[in-house]
Amino acid sequence: MRCPYCGSLDTQVKDSRPTDDSSSIRRRRICPDCGGRFTTFERVQLRELTVLKRSGRRVPFDRDKLQQSVEVALRKRPVDPERVERMINGIVRQLESMSDGEVPSETVGELVMEGLKGLDDVAYVRFASVYKNFREAKDFEEILGKLAEGEDDLPPPPKKKRAPSEP
């Protein structure tokens, strides 16, 4: 593993342990050349995935990019990080088991939306607004209307209690 500080290829593993959900191994490393310490994660990869973009380009699947987009949607939302990790692992496993290794970007987006729908309504709407390229307020109204009607199998949002008005 290349040292991120000095670029040396001779790094040493000082400690290895599974993550909390046992889906990956966390390794603490040290570089004997510069003394830099860093952490790496090792995950199982069933097959190489390629994402077929809407433009027709093919790019390697990047789990970190998937995780970043989910984290952006979930920013400042009260969702347990373990649930998020389980959702991302589930999406990756679904993608790996789907086809010959080439997955349309629409499939990735739909799986993320499906996962977010089960985690947090606000994150679902945030992600959908970017993924579906919302341009007007009515686009938000439509998706919120679907959520309120339960069209997407979501319970309606909880009603807020109003404070008694003062005389």
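This is a predicted model: local features need pLDDT of at least 70, side-chain atom pairs count only at pLDDT 80 or more; totals for chains, interfaces and linings use all residues.
Reader: Quick one to start: which backbone oxygen does the side chain of Ser-129 reach?

Author: That of Arg-126, at 2.7 Å. A polar contact here is a pair of N or O atoms within 3.5 Å; within protein, one must be able to donate a hydrogen and the other to accept it, and residues adjacent in sequence count only if both atoms are side-chain atoms.

Reader: Which residues of α4 and α5 meet?

Author: On the α4 side they are Asp-121, Tyr-124, Val-125, Ala-128 and Ser-129, and on the α5 side Phe-140, Ile-143, Leu-144 and Leu-147. By class, this contact has seven nonpolar, one polar and one charged residues. The classes go like this: Ala, Val, Leu, Ile, Met, Phe, Trp, Tyr, Cys and Pro are nonpolar, Asp, Glu, Lys and Arg are charged, and the others, Gly among them, are polar.

Reader: At what angle do those two helices pack?

Author: About 145 degrees, for α4 (residues 121-131) and α5 (residues 137-149), and their axes are 11 Å apart. The axes are lines fitted to C-alpha atoms, for helices over the stretch in contact, and angles run from 0 to 180 degrees between N-to-C directions.

Reader: Let's zoom out. How many helices and strands are there?

Author: Five helices and six strands. Along the sequence they come in the pattern β-β-β-β-β-α-α-β-α-α-α. The chain has 167 residues, of which 34% are buried.

Reader: What about the largest nonpolar core: which residues touch the most other members?

Author: Out of its 31 residues, those are Leu-66, Val-70, Leu-74, Leu-95, Val-112 and Leu-116. Each of α1 (63-73), α2 (81-98), α3, α4 and α5 supplies at least two residues. A nonpolar core is a set of buried Ala, Val, Leu, Ile, Met, Phe, Trp, Tyr and Cys residues joined through side-chain atoms within 4.5 Å.

Reader: Pick Val-70. What is it in contact with?

Author: Val-84, Met-87, Ile-88, Val-112 and Leu-116, leaving aside neighbours within four places in sequence.

Reader: And Lys-76, where does that one sit?

Author: In the loop between α1 and α2. Lys-76 is exposed because its relative accessibility is 79%. Its phi is near 65 degrees, a positive value in a residue other than glycine. Most residues other than glycine have a negative phi.

Reader: New topic: where is Val-51 found, and what does it touch?

Author: Val-51 is in strand β4 (residues 50-52). Not counting residues up to four places away, it touches Arg-57, Arg-58, Val-59, Phe-61, Val-103 and Ser-105. With a relative accessible area of 10%, Val-51 is buried.

Reader: So what about Ser-105?

Author: Ser-105 is in helix α3 and is buried, at 16% relative accessibility. Beyond four places in sequence, Ser-105 is in contact with Val-51, Leu-52, Lys-53, Arg-54 and Tyr-131.

Reader: And Glu-106, what does it touch?

Author: Arg-54 and Tyr-131, with residues up to four places away not counted. Glu-106 is in α3 (residues 105-119) and is partly exposed, because its relative accessible area is 33%.

Reader: Last one: is Ser-24 buried or exposed?

Author: Buried, at 5% relative accessibility. Ser-24 lies in strand β2 (residues 24-30), and its C-alpha is 5.4 Å from that of Glu-42, 18 residues apart in sequence.

Methods
Residues are numbered from 1 along each chain as its sequence is written. Side-chain values use heavy atoms; hydrogens and water are left out. Helices (H or I, at least four residues) and strands (E, at least two) are DSSP runs, numbered from the N terminus. Buried means under 20% relative accessible area, exposed over 50%, partly exposed in between (1.4 Å probe, protein chains only). Contact means heavy atoms within 4.5 Å.
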